[in-house]
Amino acid sequence: MSEVQNFKVTIDNITIEVPAGTSILNAARMIGGEVTPPAMCYYSKLKESGGKCRTCLVEVSKGSEKDPRPMPKLVASCRTNVMDGMEVKNITSEKVVDARKGIVEMLLINHPLDCPVCDQAGECHLQDLSYEHGTEGTRYDFERRTFEKEDIGPYISLHMTRCILCYRCVFTADELTNKREHGVLERGDHSSISTLLNKSLDNEFIGNIIDVCPVGALTDKTFRFKNRVWFTKPVDVHRDCPTCSGKARAWMRGDEVYRVTARKDQWGEVEEWICNDCRFHKKETTDWVIEGPSKIDRRSVISQGHYVDTKTTQILINNVIGKEPRLLMDIHDVSDVNKPEVELSRIPGPAHSDDFKTTRD
Ligand code: SF4
Ligand code: FES
């Protein structure tokens, strides 16, 4: 058997060796931290995914050792493989930072800013992206797209105005079911996710399309408006399920299970698909064997405060830009209440003022 060749690639001044055939995005994920481009449509578990949203654009400043010419345009890192000796710029490229701002502005042209009432708020990739790369206003003055409400069944709610047409749900349904469940109809700004005949999505694994959706276009009807995600605690649970692995994540508040999702990795991707029965019908603590609190690796609202063992993002920014990042404000310096010595992740449950009381108080 021939050995897989390794290629050297440098991303934001950090060099790594990766097997030939690795995409720039996956090479950056191997480095981790800030140099990893955001990805709204690529999903490593879905064969056809990627190349739709352009959030992962990077600058290739050196094509390869053999052909060092830079690539003339920014490229989608999820669809471009590394070459030996390639040099890539992500956060060190002004062009990329500028392009990403433009992409976020474009994604938000039609996406309503209804985070206060959206169930995805707190774990929405577009919310994180706009927070990091967005601008205060939009230059778009025209009417936003509107759609007729389509009922896609008793479990899943479709908000087409929030959809960014990443195709993840379509690929997921195609891979997990035997027939085409739904797809993207029409072209250009008329495109929409639809079942065409207004029918229910009723496959027993279809609930997974909720988990892959990066925004709040597909949400769980059994959890709608019941709680904010940051008030619930994710707990790894399992059960003996005849249909799927039975390994899931229960989002609990006190003793109540508010929703059940698949477990996700640090890139927000599902580790193992779960069936509808586990997801929508098992909402009692007695239905599950509790393994313990989930580790949330993603940097988002859901990783703040009260989750145990939250991994902080690897700080690479000094290596990359050669200086300390500019901190706008350290909350510990300005708050009279907060105590830096109190580790929020060690507090069992949401933080309370008593947790910050010292003997002096
Ligand atoms: S509904 Fe969600 S997963 Fe499906 S295409 Fe739209 S944004 Fe992507
Ligand atoms: S993640 Fe690469 S184009 Fe969407």
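First, the ground rules. This is a predicted model, where local features need pLDDT of at least 70, side-chain atom pairs count only at pLDDT 80 or more, and totals for chains, interfaces and linings use all residues. Residues are numbered from 1 along each chain as its sequence is written, and chains are lettered from A and ligands numbered from 1 in the order in which they are written.

Now the overview. The chain has eight helices and 13 strands. These are DSSP runs, numbered from the N terminus: helices are H or I with at least four residues, strands are E with at least two. Of the 361 residues, 33% are buried. Buried here takes 20 or more other C-beta atoms within 10 Å of the residue's own; exposed takes 12 or fewer; partly exposed is in between; C-beta atoms are placed from the backbone. Look at contacts with a separation of 6 or more: 63% of them join residues 24 or more positions apart. A contact has the two C-beta atoms, placed from the backbone, within 7 Å.

Five strands make an open sheet, ordered 2-1-5-3-4, with mixed pairing. To pair, two strands need at least two bridges found by DSSP. Strand 2 (14-19) and strand 4 (75-76) are the edges, each pairing on one side only. Strand 1 (residues 6-11) runs parallel to strand 5 (residues 86-89), over three bridges. In that pair, Val9 has Met86 as its bridge partner. Strand 3 is antiparallel to strand 5, with three bridges. There, Val60 faces Val88. Strand 3 is also antiparallel to strand 4, with two bridges. Leu57 stands opposite Ala76.

What lies across the sheet?

In general, an α-helix has 3.6 residues a turn, so residues three or four places apart point the same way.

Two loop residues next. Arg54 lies between helix 1 and strand 3. Its phi is near 65°, positive in a residue other than glycine. Arg54 counts as partly exposed because it has 18 C-beta neighbours inside 10 Å. Tyr167 lies in the loop between strand 6 (156-158) and helix 4 (168-176). Tyr167 is not a glycine either, yet its phi is positive, about 75°. With 22 C-beta neighbours inside 10 Å, Tyr167 counts as buried.

Last, the ligand. Which residues come nearest to ligand 1? Of the 14 around it, they are Cys163, Cys166, Cys169, Cys213 and Ala217. Being near means a C-beta atom, placed from the backbone, within 6 Å. The shell divides into 13 nonpolar residues, no polar and one charged. Nonpolar covers Ala, Val, Leu, Ile, Met, Phe, Trp, Tyr, Cys and Pro; charged covers Asp, Glu, Lys and Arg; the others, Gly among them, are polar.
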